[in-house]
Amino acid sequence: RQADGRKVLRSSIREFLCSEAMFHLGIPTTRAGTCVTSDSKVVRDIFYDGNPKNERCTVVLRIASTFLRFGSFEIFKPTDEHTGRKGPSVDRNDIRIQMLDYVISTFYPEIQEAYSDNTVQRNAAFFKEITKRTARLVAEWQCVGFCHGVLNTDNMSIVGLTIDYGPFGFMDRYDPEHICNGSDNTGRYAYNKQPEICKWNLGKLAEALVPELPLEISELILEEEYDAEFEKHYLQKMRKKLGLIQLELEEDNKLVSELLETMHLTGADFTNIFYLLSSFSVDFDPPRLEEFLEKLASQCASLEELKVAFKPQMDPRQLSMMLMLAQSNPQLFALIGTKANINKELERIEQFSKLQQLTAADILSRNQRHWKEWLEKYRVRLQKEVENVGNADVWNIDRVKVMNSNNPKYILRNYIAQNAIEAAENGDFSEVRNVLKLLENPFQGTESAREVEEEAEEEGATAGAAACAQAATGRVSYCSKPPLWAAELCVT
């Protein structure tokens, strides 16, 4: 692609901070060792809009047991009948065998030992294990609202790590169709598509392992293992996030779905809602319930935020022309636009139009009504937990402990990363260090969180450049809902 192979400060800081954040969240990942910035500069058109700028080159030291990926095995791909392209090592099955032997004996030694006398069984056991690891990994992403951004086969680790932090993003306002990558025009890697696309990538790995693992064996493993492992791990994690520590009931799946639907309807902050739920009690009297509802409502999207989120993105005349083109020349329309994008824009226009008729009080009332309905279902479910224990007080202490160790207070929100980047681009790295310190302790009770944040802010206050950047952006708490300006941030 005629690239110069240089990484810049902006993307390096994001990768450094996020890989460390993921590690401390307990999610399998590559690690960041150091971040070294050069005086050399390269030209980058960040948003592909014809406005390039000079950026400082930077090197990130990345640490992992291996950087082999699913895509590493695609070097053996035969000629594609549609494109005519083929892998650089086509017909070199000797290399494929060597790579498989290396991967399994080095990173899956227990499998190598168990099936040392049967290569096909060994390869099948390896494929089953990477299928399950991948399913668990993406379940972990979904449970913290992490979006990878570019989930192609070359960005998927052969040992089940989060790898290659490019246009990633942690979701703020819950939207199942959230796209973190500004250049993902079709939503291929949207939040709700991640489990599906990871499964598709495993299918491509299966194809790349033929003939060492026959496709009928790997495809059966994929169908039998992936969805079941994902759903099991996701629900186990969600139970912990909701403090359901005594019973595993079939209805829990529905409770989680209804929670996410309530978040979606109210534009709730994904991270902060989960964090707040640990302070809910089955014994709340009406005044305390109202107080709790106010706290939940404060983490929902305001009328102003919703207007920014649903603001139409296409010129009305352009949209009209696209709709006419879709009718008159579907083939040409397919080349320059997609039906899904047009439908999304029409939906945006409809939502924006509805918002014009509402007041802030209408939004607040609607949000509190939705949350009140869900909390009643949550209370009934927690009551079943209470009925199953001897001591309700001990149970509640354990419940809160489990919730606080599974619902982070701090994640690397885009606006937090942006503040750190702007300070660093002005030569001051103190904000990067402050943010790193917070991300190393993502699961915190109120008191310890306040101490860490105050310590970080104290350090930051001594740095002139950081103070200027914070003043310019209207600095808010690290665990707050994003400020309105953050909605304009775009990562490509």
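Reply: Helix α1 (9–24), strand β2 (53–63) and helix α16 (414–425) each supply at least two residues of the lining of the second largest pocket; helices (H or I, at least four residues) and strands (E, at least two) are DSSP runs numbered from the N terminus. The model is predicted, so local features need pLDDT of at least 70 and side-chain atom pairs count only at pLDDT 80 or more, while totals for chains, interfaces and linings use all residues. Residues are numbered from 1 along each chain as its sequence is written, and side-chain values use heavy atoms, with hydrogens and water left out.

α16 gives the largest share of this pocket's lining, six residues. In total 40 residues line the pocket, and R10, S11, Y48, G166 and T492 lie nearest its centre. By class the lining has 13 nonpolar, 12 polar and 15 charged residues (nonpolar: Ala, Val, Leu, Ile, Met, Phe, Trp, Tyr, Cys and Pro; charged: Asp, Glu, Lys and Arg; polar: the others, Gly among them). The space in the second largest pocket is about 1,500 Å³, a volume being the space filled by probe spheres set on grid points joined across faces, edges and corners. On a 1 Å grid over the protein atoms alone, a pocket is an open set with protein on both sides within 12 Å along at least five of seven lines, a cavity is a set of points where a 1.4 Å probe fits but cannot get out, and lining residues have an atom within 4 Å of a point.

Y48, one of the residues nearest the pocket centre, lies in the loop between β1 (31–44) and β2. Its phi is near 55°, a positive value in a residue other than glycine. Most residues other than glycine have a negative phi, and most peptide bonds are trans. The peptide bond from V210 to P211 is cis, with omega near 10°; P211 lies in the loop between α5 (194–208) and α6 (215–241).

By the cavity rule there is one cavity of 30 Å³ or more. The largest cavity has a volume of about 30 Å³ and is lined by Y410, I411, I416, V435, L438, L439 and Y478. Helix α17 (residues 430–439) supplies the largest share, three residues. The lining has seven nonpolar, no polar and no charged residues.

Two helix contacts share α8. The axes of α8 (residues 270–277) and α9 (residues 286–298) come within 9 Å and cross at roughly 160°; axes are lines fitted to C-alpha atoms, for helices over the stretch in contact, and angles run from 0 to 180 degrees between N-to-C directions. α8 and α9 are therefore roughly antiparallel (under 35 degrees is roughly parallel, over 145 roughly antiparallel, 65 to 115 roughly perpendicular, the rest oblique). I273, L276 and L277 in α8 meet F292, K295 and L296 in α9, contact meaning heavy atoms within 4.5 Å. This contact has five nonpolar, no polar and one charged residues.

Helix α7 (residues 252–266) packs with α8 at an angle of about 125°, with the axes 11 Å apart, so α7 and α8 are oblique to each other. L259, L260 and M263 in α7 meet F270, I273, F274 and L277 in α8. The classes in the α7 contact with α8 are seven nonpolar, no polar and no charged residues.
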